[in-house]
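I opened my notebook to record what I looked up in this structure. My entries follow in the order I made them.

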Amino acid sequence: MQNAPELFQSLSDPTRLRILTLLRAMELSVGELAQVLGQSQPRVSRHVKILIDAGLIERRKEGSWVFLSLDRTGRVEPLFALLDRWSEIDGEDPWAVADAARLAAVRADRAAAAERYFASHASQWDELRSLHIAESEVEAAIARALEDRPIGRLIDIGTGTGRMIELFGPKADGAVGVDRSPEMLRLARAKLAEAGLAAAELRQGDMYSLPLPAQSADTIIIHQVLHYAQQPGAAVAEAARLLAPGGRLVIVDFAPHEREELRSRDAHARLGFADDAMLRFLQAAGLEGKVVEHLEGGELTVTLWTGERSEAKLKVVA
């Protein structure tokens, strides 16, 4: 409790309480907060700094944007319990009601930006999808690969539009999506908010150096990402670093093919992966690899592989 006076002092301004309430609903950029609060960005930034210094919120840079989220140590949960109880007694704060309405406008802006992006790239994506089995069948195969145990803590590497989190996040004990592209992360935020998963965490990061601690995941998905990797073995090893004992990595990608235009037109660094090559990557990363399924039905075959971390570290000798 030695920091309690500083914490209460950081909450003495009503704007800072409004900021915490907004971030409870969803992760927001400084500009989006300013839009909802009706205040200038410099003024909002001053409030944000005080809350960061108090350990109540976190700041993360993503390209030219800065995103804010609640501190993950649980420090703010007792505060929200108190505010919720006061709302039951005194009724909802009018400022909170108005902020919620303006927050809906931010969600709408994100959704509109996502639709514009999808429309401009639809022909390119549709052409690639036409080369392999329907995406719905790929997703069903991933679900089969995951159905034998709880998902636990989920990390989706190269999350793109957040589709894997949209599908499997509701069954997870927490979901984090990582992507190198700020544009894709903004699309994912819009899609996940629309799906009611605004609480999912999204981070900018490189597949070779993920901004997450070791053993922080029970399930990791790398869906149609490794064919962009110049060093796929290094990417698999970095994913394996995040797996807790008993955890599993699911990789979905193309089997070897000869569609050379995908390299020149779509920046594919690898024209698919042979099973033995992928199993070597998994073994080198300390995982027990397995070929799960080959999904044929188009010019390109989609393959699912899994790698599991031994549970030996969890066993205790009686």
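**Entry 1: helix H12.** I first looked up what the buried residues of H12 pack against. They pack against helix H10 (232–241), strand E8 (243–254), strand E9 (288–295) and strand E10 (302–308). Contact means heavy atoms within 4.5 Å. Helices (H or I, at least four residues) and strands (E, at least two) are DSSP runs, numbered from the N terminus.

The model is predicted: local features need pLDDT of at least 70, side-chain atom pairs count only at pLDDT 80 or more, and totals for chains, interfaces and linings use all residues. Residues are numbered from 1 along each chain as its sequence is written, and side-chain values use heavy atoms, with hydrogens and water left out.

Which residues of H12 are buried? In this helix, residues 275–284, I noted Ala 277, Met 278 and Leu 282. They fall within an arc of 140 degrees seen down the axis of H12, so they line one face of the helix. The arc is that of the directions from the helix axis to the C-beta atoms. Arg 280, Gln 283 and Ala 284 are exposed, on the face turned away from the buried side. Buried means under 20% relative accessible area, exposed over 50%, partly exposed in between (1.4 Å probe, protein chains only). Just after H12, I found Gly 286 with a positive phi of about 85 degrees.

**Entry 2: the sheet.** I read the strand order as E6-E5-E4-E7-E8-E10-E9, in an open sheet of 7 strands with mixed pairing. Strand E6 (201–204) and E9 are the edge strands, each pairing on one side only. The twist averages 15 degrees from one strand to the next. Two strands pair if DSSP finds at least two bridges between them.

I then checked one pair. Strands E4 (residues 154–157) and E5 (residues 175–179) run parallel and are joined by 4 bridges. Ile 157 has Val 178 in E5 as its bridge partner.

**Entry 3: helices across the sheet.** H12 lies across E8, E9 and E10, at about 150 degrees to E9. Helix H7 (residues 135–146) lies across strand E7 (217–223), E8, E9 and E10, and it also runs at about 150 degrees to E9. Axes are lines fitted to C-alpha atoms, for helices over the stretch in contact, and angles run from 0 to 180 degrees between N-to-C directions.
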